[in-house]
Amino acid sequence: MSGGRGSTVALSSPHDLGRAPARDLSPPPRLRPILEELLSGVPDTTASRRLNMSARTYSRRVAELLDYLGVDTRFQAGVEIVRRRWVAAAAGPVSPRTAQPPEHMPFH
C-alpha cells in the first residue's frame, strides 16, 4: 500500500467504517472534568455548579467533547470512551443463576 493519492486505508474491522480515528489515549486536559461529570451521571445543572461554570458553558464543553470523540450523542460518547479505554467497561451481564435479588424484595 503506497501513501500516494488513491491509496486505501486498512480497517481492523467492519465496525471501523465511518468512525473518527482515535486522536489520543486520553482526553484533552480541559475536557477531563467534563468527562468525569458525564460519567458521574449527575444532571447538567449539578455538573456545571460543581465545575463553577455556567450551564451554557458546560453544554458547549459537552458538545466539544462529543466533537472530539467524533460522535453525535452522549450514549455514543460513552461507548467511544470505553472503546478508547479511558475508563473500564462495566462488568458484563449477570448470569441468571448467580444473580441475587436485593434482600428487601419479598421474593426469591
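Accessible areas come from the Shrake-Rupley method with a 1.4 Å probe, and for residues only the protein chains shown count as cover. By that method, the accessible surface of this protein comes to about 8,500 Å², with 56% of it belonging to carbon and sulfur atoms.

Welcome to the model. This is a predicted model, in which local features need pLDDT of at least 70 and side-chain atom pairs count only at pLDDT 80 or more, while totals for chains, interfaces and linings use all residues. Residues are numbered from 1 along each chain as its sequence is written, and side-chain values use heavy atoms, with hydrogens and water left out.

**Overall layout**

The protein has 4 helices and 0 strands; helices (H or I, at least four residues) and strands (E, at least two) are DSSP runs, numbered from the N terminus. Along the sequence, the pattern reads α-α-α-α. Of the 108 residues, 19% count as buried, a word that means under 20% relative accessible area (1.4 Å probe, protein chains only). Contact means heavy atoms within 4.5 Å. Among contacts between residues at least 6 apart in sequence, 48% join residues at least 24 apart.

| Helix | Buried residues |
|---|---|
| Helix 1 | Ile34, Leu35 and Glu37 |
| Helix 4 (residues 74–83) | Ala77, Glu80 and Ile81 |

Seen down the axis of helix 4, the buried residues fall within an arc of 105°, so they line one face of that helix. For helix 1 the arc is 165°, so its buried residues line one face too. The arc is that of the directions from the helix axis to the C-beta atoms. The cover over the buried residues of helix 1 includes helix 2 (44–50), helix 3 and helix 4. For helix 4, the cover includes helix 1 and helix 3.

**Where helix 1 meets helix 3**

The axes of helix 1 (residues 32–40) and helix 3 (residues 55–69) come within 10 Å and cross at roughly 95°. These axes are lines fitted to C-alpha atoms over the stretch in contact, with angles running from 0 to 180 degrees between N-to-C directions. The two helices are therefore roughly perpendicular to each other, the term for angles of 65 to 115 degrees. On the helix 1 side, Ile34, Leu35, Glu37 and Leu38 meet Tyr58, Arg61, Val62 and Leu65 in helix 3. The residues of this contact divide into 6 nonpolar, no polar and 2 charged. Here Ala, Val, Leu, Ile, Met, Phe, Trp, Tyr, Cys and Pro count as nonpolar, Asp, Glu, Lys and Arg as charged, and the others as polar.

**After the helices**

Just after helix 1, Gly41 takes a positive phi of about 80°. Helix 4 is followed by Arg85, with a positive phi near 65°.

Methods. Angles under 35 degrees count as roughly parallel, over 145 as roughly antiparallel, 65 to 115 as roughly perpendicular and the rest as oblique. Buried means under 20% relative accessible area, exposed over 50%, partly exposed in between (1.4 Å probe, protein chains only).
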